[in-house]
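The following exercises ask the student to read a structure step by step. Each task is followed by a worked solution.

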Amino acid sequence: MSKQDSFSEMLDEVRVFHEKHQFSQTGGEDMAYRVALMAEELGEISACVTKGKPTEMLAEECADLMILLLGNAISKDFDLNQAFWGKMEKISKRNSRMIDGRIRVSNFEGSDEANQ
Ligand SMILES: [Mg+2]
């Protein structure tokens, strides 16, 4: 596996970025602030879609959001890799439905997971 494909290498790179700018001492790891930054990036992703921007720009904005998500795991000290695989296992068992012409995978009323 190349460095570019490794979750732990990506996380380490974001950790180095946090340390370089001393995020833990300068408010960069405050979750309310981070949520605002994620909303900002989501807006930029939205603009790429609604304004028909090139895919390269969309990819860059998605990377911005991903860097923030990885940084959340550093800020709040949780295992995002484990959370990812745990969640994938959960959602892989869910059912899908077509709603207003689009597929939705969720806990629908009456499903086993929804009843827990
Ligand atoms: Mg951006």
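**Exercise 1: The chain as a whole**

Residues 24 or more positions apart supply 40% of those contacts in the chain whose separation is 6 or more; two residues are in contact if their C-beta atoms, placed from the backbone, lie within 7 Å. The model is predicted: local features need pLDDT of at least 70, side-chain atom pairs count only at pLDDT 80 or more, and totals for chains, interfaces and linings use all residues. Residues are numbered from 1 along each chain as its sequence is written.

*Task.* State how many helices and strands the chain has, and compare its radius of gyration with that of a compact globule of 116 residues.

*Solution.* 

Step 1. The secondary structure comprises 5 helices and 2 strands. Helices (H or I, at least four residues) and strands (E, at least two) are DSSP runs, numbered from the N terminus.

Step 2. Read from the N terminus, the order of elements is α-α-α-α-α-β-β.

Step 3. The chain has a radius of gyration of 17 Å, whereas a compact globule of 116 residues would have one near 13 Å. This radius is taken over C-alpha atoms, and the globule rule is 2.2 Å times the number of residues to the power 0.38.

Step 4. Along the principal axes, the C-alpha atoms fill a box of roughly 50 × 35 × 35 Å.

Step 5. Buried residues make up 4% of the 116 residues of the chain. A residue is buried if 20 or more other C-beta atoms lie within 10 Å of its own, exposed if 12 or fewer, and partly exposed in between, with C-beta atoms placed from the backbone.

**Exercise 2: The contact of α1 with α4**

*Task.* Determine how the axes of α1 and α4 cross, and which residues make the contact.

*Solution.* 

Step 1. The axes of α1 and α4 (residues 55-76) come within 9 Å and cross at roughly 80°. Axes are lines fitted to C-alpha atoms, for helices over the stretch in contact, and angles run from 0 to 180 degrees between N-to-C directions.

Step 2. The two helices α1 and α4 are therefore roughly perpendicular. Angles of 65 to 115 degrees count as roughly perpendicular, under 35 as roughly parallel, over 145 as roughly antiparallel, and the rest as oblique.

Step 3. On α1 the contact involves M10, L11, V14, R15 and H18, and on α4 it involves I67, L70, G71, A73 and I74.

Step 4. These contact residues divide into 7 nonpolar, 2 polar and 1 charged. Ala, Val, Leu, Ile, Met, Phe, Trp, Tyr, Cys and Pro count as nonpolar, Asp, Glu, Lys and Arg as charged, and the others, Gly among them, as polar.

Step 5. V14 of α1 touches I67, L70, G71 and I74, residues up to four places away in sequence not being counted. V14 is partly exposed, because 19 other C-beta atoms lie within 10 Å.

Step 6. In α4, the residues E61, L70, G71 and I74 are buried. The buried residues of α4 pack against α1, α3 and α5 (80-92).
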